[in-house]
Amino acid sequence: MEPRDNAVTAVTDQYPSHPVVMGQTGFMVSLSTLLAERSHLLVDGAMGTELFARGLTAGDPPEMWNLDMPDDIIAIHRAYIDAGSDIILTNSFGGTGFRLKLHNLQDRAVELSQAAAELGRAAADASGRDVVVAGSMGPSGELLVPMGEMTPETATAAFAEQAEGLIAGGADVVWIETMSSLEEVEAAVAGVRLAGDIPVAVTMSYDTAGRTMMGVSGKAAAERLAPLGLVALGANCGNNIAETEAAVLQLKVGAGDTPIIVKANAGIPEFKGDKLHYTGTPEVMGAHVKRMRDAGIEIIGGCCGTSIQHIAYMRGVLDGTIVAPDIDAPASNNPAPSEGRDAPARRRRRRRE
Ligand SMILES: [Zn+2]
């Protein structure tokens, strides 16, 4: 993204009254209200996994599918809703200007995120029941100063720009996910709040021996993020289910009344040839759902490798129509790869959210 002078000032000027922008249809769904009614909410599974199954190739910007292949995006949302998801995440994970610049699309951040939210809204509104449209915002992919060149101000401006699109497209919640840095989370939350008055959820990825890549534990995240007034807080992605569960339990202890989200990867990623495969079966995720529900975790879904079939099974476990098998949480048997190999591998994984 181009360095911008006074970026935050510019954004503030653009949103002088912090307006609440209603969605295109006006059918806004409150995550808090839904949670009060249902006690547990099921999120969806991976968007990237489904996009790759439909022909997205590595290196393509998934966000362009919001414009080029909208029927496919709606079909994926509809499939997750039909499988029982109460919350769907929009196809906008890489929608900050920083990430879009990799594809020379940085000038289209608002447009692409607005389209993503509109497609989620359309699928939710057509479902005939209350489904929360969560506007996904992934990390910028940049490091903050002094380790990198991104300043908190430019980060906040980029997240504000993306949030503007998500809000205009009718998202019910902005869902900041797969974060590693607390400072970047704070910049993202500040950006969303510049863009409008909308609930914000945050999940970080505890993918490095139970901590985020930047060394943040679940306990530290709870202490720092619980005071931000988030609608929910949690963990997603991660290296394996066992470490993600451990981080979530720390968040549960430390986050007071803030509802907790877990959206773990379906098992452990393994390369089969050049394809990334996840080891977790629907039964593995069903056992995970049972452990998390029994631990009082309110909002449960799946991240990379979690398919529509996994979500349908998880719905059955939550509803009591499927008895979850007793399977231990997969723990990593591959030691953390060396830094040189790990960083690009992790980036590839994240791009497939
Ligand atoms: Zn993931």
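Predicted model: local features only at pLDDT ≥ 70, side-chain atom pairs only at ≥ 80, totals over all residues.
Visitor: How many residues are in the largest nonpolar core?
Guide: Among the residues with the most contacts inside this core are Ile88, Val174, Ile176 and Ala201. Ala201, for its part, touches Ala134, Val173, Trp175, Ile176, Leu230, Val231, Ala232 and Ile261, when residues up to four places away in sequence are left out. The number of residues in the largest nonpolar core is 102.

Visitor: Are helices H5 and H13 roughly parallel or roughly antiparallel to each other?
Guide: Helix H5 covers residues 70-83 and helix H13 covers residues 308-319, and their axes come within 8 Å and cross at roughly 25°. Angles under 35 degrees count as roughly parallel, whereas those over 145 count as roughly antiparallel. The two helices H5 and H13 are therefore roughly parallel.

Visitor: How many nonpolar residues are in the contact of H5 with H13?
Guide: The crossing of H5 and H13 is right-handed, and the residues that meet there are Ala79, Tyr80 and Ala83 from H5 with Ile308, Ile311, Ala312 and Arg315 from H13. Sorted by class, this contact of H5 with H13 has one charged residue and no polar ones, and the number of nonpolar residues is six.

Visitor: At about what angle do helices H7 and H8 pack?
Guide: Two packed helices are described by the angle between their axes and by the distance between those axes. Helix H7 spans residues 109-125 and helix H8 spans residues 152-168, and their crossing is right-handed. With the axes 7 Å apart, H7 and H8 pack at an angle of about 35°.

Visitor: How many charged residues are in the contact of H7 with H8?
Guide: On the H7 side the contact includes Glu111, Leu112 and Ser113, and on the H8 side it includes Glu161, Glu164 and Leu166. By class, the contact of H7 with H8 has six nonpolar and four polar residues, and the number of charged residues is three.

Visitor: Which residues of H11 make the contact with H10?
Guide: Helix H10 (residues 218-225) and helix H11 (residues 241-254) pack at about 35° with their axes 7 Å apart, and their crossing is right-handed. From H10, the residues Gly218, Lys219, Ala221, Ala222 and Glu223 take part, and from H11 the partners are Ala247, Val248, Gln250, Leu251 and Gly254.

Visitor: Is glutamate 63 buried or exposed?
Guide: Glutamate 63 is found in the loop between helix H3 and helix H4, and among the residues that glutamate 63 touches are Asn91, Ser92, Leu100 and Leu112. The C-alpha atoms of glutamate 63 and serine 92 are separated by 5.7 Å, although the two are 29 residues apart along the chain. A residue counts as buried if 20 or more other C-beta atoms lie within 10 Å of its own, and because glutamate 63 has 26 of them, it is buried.

Visitor: Is aspartate 71 buried or exposed?
Guide: Aspartate 71 has its place in helix H5, and its C-alpha atom is separated by 8.5 Å from that of leucine 119, which is 48 residues apart along the chain. Because aspartate 71 has 9 other C-beta atoms within 10 Å, it is exposed.

Visitor: What is the value near which phi of asparagine 104 lies?
Guide: Asparagine 104 lies in the loop between helix H6 and H7, and with 9 C-beta neighbours inside 10 Å it counts as exposed. Its phi is positive in a residue other than glycine, with a value near 55°.

Visitor: Which residue is joined to valine 145 by a cis peptide bond?
Guide: The residue in question is found in the loop between strand E3 and H8. The omega of the cis peptide bond is about 5°, and the residue joined to valine 145 is proline 146.

Methods:
Residues numbered from 1 in each chain as written. Core = buried A, V, L, I, M, F, W, Y, C linked by C-beta atoms within 7 Å. Buried ≥ 20, exposed ≤ 12 C-beta atoms within 10 Å, placed from the backbone. Contact = placed C-beta atoms within 7 Å. Axes fitted to C-alpha atoms, helices over the stretch in contact; angles between N-to-C directions. Helix = DSSP H or I, 4+ residues; strand = E, 2+ residues; numbered from the N terminus. Parallel < 35°, antiparallel > 145°, perpendicular 65-115°, else oblique. Left-handed = near helix turned anticlockwise from the far one by under 90°. Nonpolar A, V, L, I, M, F, W, Y, C, P; charged D, E, K, R; others polar.
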